[in-house]
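Good morning. I will take a few minutes to go through one chain, and you can follow along on the screen.

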Amino acid sequence: HLFDPAMQLYDPDAHKYTFMLPVELVEAWYGADIALYRITDTPREIIEQLPSVPVNFDFLDESSSNFYCLQSSPGGPGGRLLNRASIDGALDHFGISQDEVGGNYLFEGLRYLISGYFRFGSSGAPYLAYNAATGSFYANAVQSEASGVQLSINNDREGNFQYVNAIASPLHIVQQQLEAHIRLAAAGL
């Protein structure tokens with residue numbers, strides 16, 4: 001009842017609602033392929049019910065276990081998939097994003113090379129590290145882009161947008177800027 005009816009979508013096949021929240025861009029770190037958004041014009045009662053995980057800025061290496069990607073489920077609307085991912089290495093990345101509207105920009109800097117299933121369109125999905133000692137998940141990286149190995153089905157890659165190698169942006173590369181925003185938010189600013 002707290003949601004604006006114009007911000008609700010009902011899927012009759014799945015018998016589920018999708019609720020949209022208005023957001024505004026706080027800051028974009030284009031070279032890091034990370035953006036920070038703030039929820040706006042939303043009752044506090046809704047915001048308090050949203051799931052969240054704390055941030056961890058550690059730069060992890062190949063020995064890191066308990067690393068997962070949280071993305072939408074391939075099986076249908078509204079589902080979620082938490083699948084194991086592994087860090088295969090680190091790379092000093094350089095890439096160009098073609099943007100005909102705002103102009104091209106560079107992706108560059110430190111990245112994780114990831115092995116693990118992910119779907120096309122999962123850019124921005126969080127990578128979570130699980131700490132067994134505390135029983136908690138921590139956001140550690142963001143899905144950035146597909147890496148060059150693509151799965152094929154019946155020896156055909158056409159129309160198959162499922163990959164097993166990815167490049168992820170560790171939150172470590174925007175730590176100072178993101179911590180400043182976290183401090184401002186904690187102070188209610």
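Which residues have the most contacts inside the largest nonpolar core? They are Phe67, Tyr112, Ile114 and Tyr127, and the core has 14 residues. Before going further, please keep in mind that this is a predicted model.

Where does that core come from? Two or more residues each are given by β5 (67-72), β6 (80-97), β7 (105-119), β8 (126-131) and β10 (162-170). The largest share is three residues, and it comes from β7. Leaving aside residues up to four places away in sequence, Ile114 touches Phe67, Ala85, Ser86, Ile87, Tyr127, Val164, Asn165, Ala166 and Ala168. Apart from this core lies another one, of 10 residues, including Trp29, Ala32, Ile34 and Leu178.

Now the chain as a whole. It has two helices and 10 strands. Reading from the N terminus, the order is β-β-β-β-α-β-β-β-β-β-β-α. The chain has 189 residues, and 26% of them are buried. Of the contacts with a separation of 6 or more, 53% are between residues 24 or more positions apart. The accessible surface is about 12000 Å², and carbon and sulfur atoms account for 53% of that surface.

Next, charges. Side chains of opposite charge can pair when their charged atoms come close. How many salt bridges are counted here? The count is one salt bridge. The partners are Glu24 and Arg38, with their closest N and O atoms 2.6 Å apart. Glu24 belongs to strand β3 (residues 23-29) and Arg38 to strand β4 (residues 34-39), so the pair ties together parts that are 14 residues apart in sequence.

Leu50 sits in the loop between α1 (44-47) and β5. With a relative accessible area of 33%, Leu50 is partly exposed.

His15 has a phi near 55 degrees, which is a positive value in a residue other than glycine. You will find His15 in the loop between β1 (8-11) and β2 (16-19). Its relative accessibility is 60%, so His15 counts as exposed. Asn66, which is not glycine either, has a positive phi near 60 degrees. Asn66 is in the loop between α1 and β5. Asn66 is partly exposed, at a relative accessible area of 23%.

Last, the end of the chain. How far apart are the end C-alpha atoms of helix α2? Helix α2 (residues 175-186) has 12 residues; at 1.5 Å a residue it should span 16 Å, and its end C-alpha atoms are 16 Å apart, so the two values agree. Just after α2 comes Gly188, with a positive phi of about 80 degrees.

That is the end of my part. Thank you.

Methods:
Residues numbered from 1 in each chain as written. Predicted model: local features only at pLDDT ≥ 70, side-chain atom pairs only at ≥ 80, totals over all residues. Heavy atoms only, no water. Core = buried A, V, L, I, M, F, W, Y, C linked by side-chain atoms within 4.5 Å. Buried < 20%, exposed > 50% of the residue type's maximum accessible area, 1.4 Å probe, protein only. Helix = DSSP H or I, 4+ residues; strand = E, 2+ residues; numbered from the N terminus. Contact = heavy atoms within 4.5 Å. Salt bridge = Lys/Arg side-chain N within 4 Å of Asp/Glu carboxyl O. Expected span 1.5 Å × (residues − 1). Areas by Shrake-Rupley, 256 points an atom, 1.4 Å probe, with all protein chains shown as cover.
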